[in-house]
There are 2 protein chains.
Amino acid sequence: MYRLIKQSGNARLGEFTTVHGNVKTPCFMNVATVAAIKGGLDAYDLSGIGCQIMLCNTYHLHVRTGDETIRSLGGLHRFTGWQGPILTDSGGFQVFSLAKLRQIKEEGVHFNSHIDGRRIFMGPEESMRIQSNLGSTIAMAFDECVENPAPFDYAKKSCERTTRWLLRCKEEHDRLNALCDTVNPHQLLFGINQGCTYDDLRIQHMEEIAKLNLDGYAIGGLAVGEPTEVMYRVISAVEPAMPRDKIRYLMGVGTPGNILEGVRRGVDLFDCVMPARNARHGHLFTSKGIINLSNAKYETDMRAPDENCDCPVCRRHSRAYLRHLMKAKEVLALRLCVMHNLYFYNSLMEKIRYHLENDSFDSFYEENVTVLDKRCAD
Amino acid sequence: MYRLIKQSGNARLGEFTTVHGNVKTPCFMNVATVAAIKGGLDAYDLSGIGCQIMLCNTYHLHVRTGDETIRSLGGLHRFTGWQGPILTDSGGFQVFSLAKLRQIKEEGVHFNSHIDGRRIFMGPEESMRIQSNLGSTIAMAFDECVENPAPFDYAKKSCERTTRWLLRCKEEHDRLNALCDTVNPHQLLFGINQGCTYDDLRIQHMEEIAKLNLDGYAIGGLAVGEPTEVMYRVISAVEPAMPRDKIRYLMGVGTPGNILEGVRRGVDLFDCVMPARNARHGHLFTSKGIINLSNAKYETDMRAPDENCDCPVCRRHSRAYLRHLMKAKEVLALRLCVMHNLYFYNSLMEKIRYHLENDSFDSFYEENVTVLDKRCAD
C-alpha cells in the first residue's frame, strides 16, 4: 500500500494507497478529536485547505456519542461528511493522559471516564472493536504510553506487554474485517513502537513488531516531555529497524522544525494539536516565523498574516482584523487562526514533497528548520 | 433611495439603493456585533447565505479596538471584507442596556464601559462621529431607549429629548459627510421613533421626526419586554405616520412570526440576535418549526436539520452530527447552527418578497405565522 517514490538521504517521497483515496507523503494529518476540527472547521473546510487525512480520537468518540451509535449511522465518513482517509488513534494515549484512576492489567486498562467518571475497560480487543465501529481507514494498535522519564525495567515490561497486546489487536482486527457487516472491511492496522528513550528497547521492539507485516508502523511515546534532541536520537536509532516498504508515522509531532527533522530521519506521517492550540493563543505560523497577535504592533497592520500564503484567511483578512477578533474573544478569531495554521502545515508538507521531488530538500530544510519555529521579526 | 415596488395591504415590496449596493426589502439584517458574526462566520460566509446587510454595534466597536483605529484602517468595509451595505446602530441601546452608572443629561450620557469600567461620554455628536469613523452605509440617530414599562411623563420627556438629539445628530452628520476625508461621505442617517407603549406619544413623535426628511425611519424601544400584542398595536398605530417613500426599520425584532407580523404592518427592515442566540442553545429554525437538538430523538437522526432547506449546513450535515457536536461543546456546533439559522432568516425574507411579488403574501403569512415559531413535531 506504501510506495516509496524517491529518497533523499533518509527523507522519503512516497504514496500511500487506501480504500478512501491516495495520500502523498510526507503528510501531516489534521486532528479532529471528536470528529470535528477545533475552531469550527468542518469536513468541507478541510478539503479547501489541503488536508489529506483526518485524525479522530477513539477514546473521545467512545465516551461521547459512542462508537456503536456512529456505527449505526454508517461510520465516521458518513457522520462527518469527510470522504478522504481517516486515522483513528487507539485510545491508549487518552486513557493514559486524560482518564483517572487507571489500573493496568494484562487484559487491558480499567479507568474512569474523564467526562462522567463511569468505570470503563479498554484492552486491545475493545480498541479494535471501537475503531471498527467507527469505520476509520486506519486503526492504530492499542499500546501503553509510558510516562517520561520511566525506569528501564518498567519500560521493558511495558514494551513486552505492548507487543502481546499488538498480537491480540491483529487477531481481533482480522476477525472484525472479515465480518460481513463491518463498516470498513478494508481497515488497515498500524503497529506502534514503544520503549521510552532507551534506544536498545526501541530497536528490539521495532524488530519484533516488524515481523507482523502490518500496514504501517508508528513511533509512539515521543514528544512527551523528553528533550527534542533525545527525540531525534530515538528516531534515528529506530529508523533502520523500520520496514522500508511500510509507511512510518511519528505520533504527536510537532513544530514545523520538528517535522522537517522527522522527514529528514525517514518519517512519512505526522499529527499534532499544535496548529489548533497555537491558534487559540493567537500564534500564527508563517513563512517568516511565528506571529503573536497579542503584540500591539499588529493592531493597525493591514497586511495578510503571512504575505507568502494563499490560504483563505491570508487572501481575505488582515493581522489587524484577526487581532481585533482575538481581543474581542470572538469565535471567528479561533476559526480563522486554526484555518491558517492548518493550511500552513498542509502546505509545508506540500513544499517538502516538492523539494524531495526536485532534489532540493536539503537546502529547503536548511533555510527553514530554524526560521519556522522562531518568532517572526516582521 | 427607497422605491416602493408593490403593496399588499400594508406589506411592502421595495428596493433600497445605497452606495454599497441595492437591498431588496423586506430584508433581515445579520448582526455582527463587534464586526464579526457570533459563531465564527466571516464576511465571505455571509455572502454565501443570502445576507444583504450586515449590522455592527457602535458602542462595542468604540470601546474595543476603537473607531479611530478602524477609521485609520479604512473603515468597516475594509476591516471586515464585507462589501455590501453596513448599518451601525447608534450605541444608545448598549449604553442603556450594558453600561453601568449611567447619567443622562441634555448633552448626552455619561457611563462606565462594561469592559474596563472607564468613564465614557456619548451624545448625539459623539455617536455620529463614531459611526462616521466606522464608515458604515447607514448611521442610526442617537436616542434614549427607555425601559419598559415607563411612566407616561418620563416617556414624554425622553421623547422630546430624543427629538432634540435627532436634530443635533442630523446637523453633525451633515457636517461630517461634507468633510473631505470622511470614510463614507454618502453615509445615510435614519431617525428612530420612540414613545414606549403610548400610541399618542409614538404618533406625535413620528410626525415630528418625519419632517426632517431623513433617509429612513426606525421604530425603536419595542421588543423590550412588552407583550407581543402591544408591540403589534404600536406598530399599527405609528405606521400611518411614517413616510411612505422612506424605508422602515423595526429594531431588534424578532421571531419568524414577529417578522411576518411586522411585514404585514408595513415594516421593511429587521434585525435580531435571535438566530445566533437560539443557535447557541441548539435551537434550529426550520420550515416545520423549531428543532431543539438537545432532544434525545435526534441522536440517530441522519436527516438534514430542515429537509426543505438548501443551506450549506442542511446540504451537508445531519441532525445527529449537529447534536453530537453540541453535546461535545464543539465550536463547530455553534458555527453550523448559526449559519443555518441566519440562512433560514435570509431565505424567509426572500420567500416573503417572492410572495409579495406574486400576490400570495396573505396565504404565505397564514400558513407560516404560527408554525414557524412553534416546536417542530418532526
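Predicted model: local features only at pLDDT ≥ 70, side-chain atom pairs only at ≥ 80, totals over all residues.

**Entry 1: aromatic pairs**

How many aromatic pairs are there over all chains? I got a count of 20. My rule was that rings of Phe, Tyr and Trp (its six-membered ring) pair if their centres lie within 6.5 Å, with planes under 30 degrees apart called stacked, over 60 edge-to-face and the rest tilted.

I looked up A:Phe28 with A:Tyr345, and this pair is tilted, at 4.6 Å centre to centre and 50° between the planes. A:Phe28 sits in strand E4 of chain A and A:Tyr345 in helix H14 of chain A, so I was looking at a link between distant parts of the chain, 317 residues apart. Helices (H or I, at least four residues) and strands (E, at least two) are DSSP runs, numbered from the N terminus. Both A:Phe28 and A:Tyr345 are buried; that word means under 20% relative accessible area, while exposed means over 50% and partly exposed is in between (1.4 Å probe, protein chains only).

Then I went to chain B. B:Phe285 and B:Tyr345 pair edge-to-face, with 5.3 Å from centre to centre and 80° between the planes. B:Phe285 belongs to strand E15 (residues 283-286) of chain B and B:Tyr345 to helix H14 (residues 331-357) of chain B, so this pair ties together parts 60 residues apart in sequence. B:Phe285 is buried at 1% relative accessibility, and B:Tyr345 is buried at 0%.

**Entry 2: ground rules**

Residues are numbered from 1 along each chain as its sequence is written, chains are lettered from A and ligands numbered from 1 in the order in which they are written, and side-chain values use heavy atoms, leaving out hydrogens and water.

**Entry 3: the barrel**

In chain A I traced a closed barrel of eight strands, E4-E5-E6-E10-E11-E12-E13-E14, with parallel pairing. Two strands pair if DSSP finds at least two bridges between them. Strand E13 (residues 247-250) and strand E14 (residues 269-271) of chain A run parallel and are joined by two bridges. There I spotted A:Tyr249 opposite A:Leu269 in E14(A).

Helix H14 (residues 331-357) of chain A lies across E4 and E14 of chain A, at about 165° to E4(A). For such angles, axes are lines fitted to C-alpha atoms, for helices over the stretch in contact (heavy atoms within 4.5 Å), and the angles run from 0 to 180 degrees between N-to-C directions.

Most residues other than glycine have a negative phi, and most peptide bonds are trans.

The peptide bond from A:Thr25 to A:Pro26 is cis, with omega near 0°. A:Pro26 is in the loop between strand E3 (21-25) and strand E4 (27-31) of chain A. B:Asn148 and B:Pro149 are also joined by a cis peptide bond, with omega about -5°.

Where is B:Ala35? I found B:Ala35 in the loop between strand E4 (27-31) and helix H1 (43-47) of chain B. Its phi is positive, near 70°, and B:Ala35 is buried at 1% relative accessible area. B:Ala223 has a positive phi too, about 55°, but B:Ala223 is partly exposed, at 40%.
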